[in-house]
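Hi,

Here is the model I promised to pass on. Have a look at it first, and then read my notes below.

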Amino acid sequence: EGQRLLDHYAKARVPSGFANLGHDGNMVDDTAKSLITARMVHCYALATLVGVPGAATRCDHGIDALLDGPLRDQVNGGWFSDASATLDNPSRKNAYLHAFVALAGASATIADRPRGTELMEAAITIIDQHFWLEDEQSMLPSFAADWSDPEAYRGANCNMHTTEACLALADATGETRWLNRALSLAKRFGHNIPKTYDGRLPEHFDSGWNLLPDYDVNEPSDDLRPWGLTPGHFAEWAGLLLKVESACTARDYEVPDWLLPDAITLFDSATDRGWAPDGKPGMVYTIG
């Protein structure tokens with residue numbers, strides 16, 4: 001299945017990165033997307049590590065696109081959402097995307113790609129300068145393109161993928177601060193919040209971390225911030241807690257005693273609440 005997906009997404013390659021494919025497997029349009037490009041760098045870096053033919057070339061194509069092409073804001077720093085954005089028509093800079101760029105850079109570094117470290121360090125600079133809130137131990141979700149207008153919102157989704165990126169950055173750099181950040185995020189979203197909300201993980205909060213129960217109430221199918229609860233994310237956080245536990249063990253950190261039981265609680269909550277509540281097989285996207 002992994003090989004099938006690698007072959008499938010090779011069709012998404014365009015000159016300035018990778019673009020979206022539709023459900024039929026054909027390209028929707030040829031506008032390169034930063035998020036897709038970063039994800040493809042990560043995937044083809046992993047494929048490079050296990051010796052998949054052609055993976056290194058595709059990985060390097062994505063790295064070059066993120067560093068040199070129109071996806072990157074060469075004036076203000078960071079990355080636009082896609083190659084159609086310009087300084088006259090910019091997209092907001094969001095933490096969700098930049099977490100994936102950091103993950104891509106870390107994976108490419110571990111895969112020993114020629115410009116992997118360059119991409120990783122560029123992403124780290126942006127995260128440290130703009131997104132990471134040291135006093136809150138979380139990410140600020142978005143800014144205007146020139147880093148003005150910080151968003152008065154806090155959310156779980158961008159921090160979930162930041163946790164994933166931090167674990168990869170810990171491996172790629174050897175710096176303990178990345179594991180410390182992953183631990184802090186895991187504690188807030190995998191332990192404190194579910195403990196407060198009976199094993200559930202609400203995702204939307206204001207800048208003071210007060211719950212916003214009606215956030216996006218008319219958008220239950222939004223790609224990044226849907227209304228309600230996302231049981232698939234319960235399961236995803238459960239997996240991340242186990243990865244944090246493994247990373248702590250590998251580095252001789254003291255392993256918090258809540259990581260494993262909370263992972264089990266979150267996974268059980270995901271399946272109990274989200275698996276086939278409508279009578280159809282599979283996990284539903286959102287629940288009330």
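Alanine 122 is buried, with a relative accessible area of 13%, and it lies in helix H5. Keep in mind that this is a predicted model. Which residues does alanine 122 touch, leaving aside its neighbours within four places in sequence? They are Leu67, Arg72 and Trp79. Glycine 78 is worth a look too: it is 44 residues from alanine 122 in sequence, yet the two C-alpha atoms are 8.2 Å apart in space.

Leu67 takes us to helix H3, where it is one of the buried residues. H3 runs over residues 55–68, and its 14 residues should span 20 Å at 1.5 Å a residue; the end C-alpha atoms are 20 Å apart, so the helix agrees with expectation. This helix is mostly covered, with 10 of its 14 residues buried. Besides Leu67, the buried set includes Ala55, Ala56, Cys59, Asp60 and His61. What do the buried residues of H3 pack against? The partners are strands S1 (13–14) and S2 (17–18), plus helices H2 (34–49), H4 (95–110) and H5 (116–131).

H2 tells a similar story. Its 16 residues should span 22 Å at 1.5 Å a residue, and the end C-alpha atoms are 23 Å apart, which agrees. Among its buried residues are Ile36, Met40, Val41, His42 and Tyr44. The buried residues of H2 pack against helix H1 (2–9), S2, H3 and H4. After H2 comes glycine 51, with a positive phi near 80°. Also have a look at arginine 39: its charged end sits over the ring of phenylalanine 100, 4.5 Å from the ring centre.

On to the rings. How many aromatic pairs does the structure hold? There are 9. One of them joins phenylalanine 131 and phenylalanine 143 edge-to-face, at 5.6 Å centre to centre and with 70° between the planes. Phenylalanine 131 belongs to helix H5 and phenylalanine 143 to strand S6 (residues 142–143), so this pair ties together parts that are 12 residues apart in sequence. Both phenylalanine 131 and phenylalanine 143 are buried.

Elsewhere, ring pairs link Phe189, Phe205, Trp209 and Trp237 into a cluster. Two of those names come up again at leucine 201, which sits in the loop between helix H7 (176–196) and S8. Is leucine 201 buried or exposed? It counts as buried, at 0% relative accessibility. Leaving aside its neighbours within four places in sequence, leucine 201 is in contact with Phe189, Ile193, Pro194, Leu229, Phe234 and Trp237. The C-alpha atoms of leucine 201 and leucine 266 are separated by 8.3 Å, although the two are 65 residues apart along the chain. There is another charge over a ring as well: arginine 181 lies over the face of tryptophan 178, at 4.7 Å from the ring centre.

A word on backbone angles. Most residues other than glycine have a negative phi. Tryptophan 209, from the ring cluster, has a positive phi near 65°. Its place is in the loop between strand S8 (204–205) and helix H8 (231–250). Aspartate 216 lies in the loop between S8 and H8 too, and its phi is also positive, near 55°. Aspartate 216 is partly exposed, with a relative accessible area of 26%.

Finally, the view from further back. The protein chain has 9 helices and 8 strands. For 288 residues, a compact globule would have a radius of gyration near 19 Å, and the chain has 19 Å, so the two agree. The C-alpha trace spans about 50 × 45 × 40 Å along its principal axes. Of the 288 residues, 50% count as buried. Among contacts with a separation of 6 or more, 59% come from residues 24 or more positions apart. The accessible surface of the chain comes to about 13100 Å², and 51% of that belongs to carbon and sulfur atoms.

Cheers

Terms used: Residues numbered from 1 in each chain as written. Predicted model: local features only at pLDDT ≥ 70, side-chain atom pairs only at ≥ 80, totals over all residues. Heavy atoms only, no water. Helix = DSSP H or I, 4+ residues; strand = E, 2+ residues; numbered from the N terminus. Expected span 1.5 Å × (residues − 1). Buried < 20%, exposed > 50% of the residue type's maximum accessible area, 1.4 Å probe, protein only. Contact = heavy atoms within 4.5 Å. Phe/Tyr/Trp six-rings, centres within 6.5 Å; stacked < 30°, edge-to-face > 60°. Lys NZ or Arg CZ within 6 Å of the ring centre and 35° of its normal. Rg over C-alpha atoms; globule rule 2.2 N^0.38 Å. Areas by Shrake-Rupley, 256 points an atom, 1.4 Å probe, with all protein chains shown as cover.
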